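Student: Can you walk me through this one? I'd like to start with the rings.

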Amino acid sequence: LFIDTETTGLAGGTGTYAFLVGVGFVEGAEFVVRQYFIRDLSEEKAMMAALSELLAEYEWSVTYNGRSFDLPLLRTRFIMTRQRPRIDHMGHLDLLHSARRLWGRSPVAVNGLSLGALEAALFAFERGLDVPGWQIPELYFEYLKDGDPGRLLPVLAHNMEDIVTLAALLGVIHGAVS
């Protein structure tokens, strides 16, 4: 299960919410992206319960910097909503660490090892008008104030592209180490 979160901040801890959790998985011959979104912070418990059901179906998770951020944050959010963390049974592959080992000192990393930089270097894919990660919390807080869902469309697209890139990157890393 490929997992990426969009959050209300980068510090982590009990005050940081995962307001959008994107997941990707193979179903038959298709790659499916599903996004769990809370329109209001009061919906967090329901989102975590729905996410919990899906997580229970998988034995492995794949993230990018998830060992340090996404998975600890999800564990905290399960606890804060008084639910059992449903990710502890899963094996985990954090592609950031593989990318560092494979390309950390190579020309591939000339623009860094962010997911967007790797997309450009490995797949010749430019996101174009992608929203910068540092701006995502601000867009969500503005949405909470004015209720305009249009401002979140770039965030939803960013999250979806991250999930798809995770799957493609896993294929490249597998090919490089096989």
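Tutor: We'll take aromatic contacts, then the pocket. This is a predicted model, where local features need pLDDT of at least 70, side-chain atom pairs count only at pLDDT 80 or more, and totals for chains, interfaces and linings use all residues. Residues are numbered from 1 along each chain as its sequence is written, and side-chain values use heavy atoms, with hydrogens and water left out.

Student: How many aromatic pairs are there?

Tutor: The count comes to eight. Rings of Phe, Tyr and Trp (its six-membered ring) pair if their centres lie within 6.5 Å; planes under 30 degrees apart are stacked, over 60 edge-to-face, the rest tilted. Phe-19 and Tyr-140 are stacked, at 3.9 Å centre to centre and 5° between the planes.

Student: What does that pair tie together?

Tutor: Phe-19 is in strand β2 and Tyr-140 in helix α5, so parts 121 residues apart in sequence are tied together. Helices (H or I, at least four residues) and strands (E, at least two) are DSSP runs, numbered from the N terminus.

Student: Is Phe-19 buried or exposed?

Tutor: Buried, at 0% relative accessibility. Buried means under 20% relative accessible area, exposed over 50%, partly exposed in between (1.4 Å probe, protein chains only). Tyr-140 is also at 0%.

Student: Which residues form the aromatic cluster?

Tutor: Phe-19, Phe-37, Tyr-140, Phe-141 and Tyr-143.

Student: Switching topic: which element gives the largest share of the lining of the largest pocket?

Tutor: β1, with four residues. A pocket is an open set of points on a 1 Å grid, where a 1.4 Å probe fits, with protein on both sides within 12 Å along at least five of seven lines; lining residues have an atom within 4 Å of a point.
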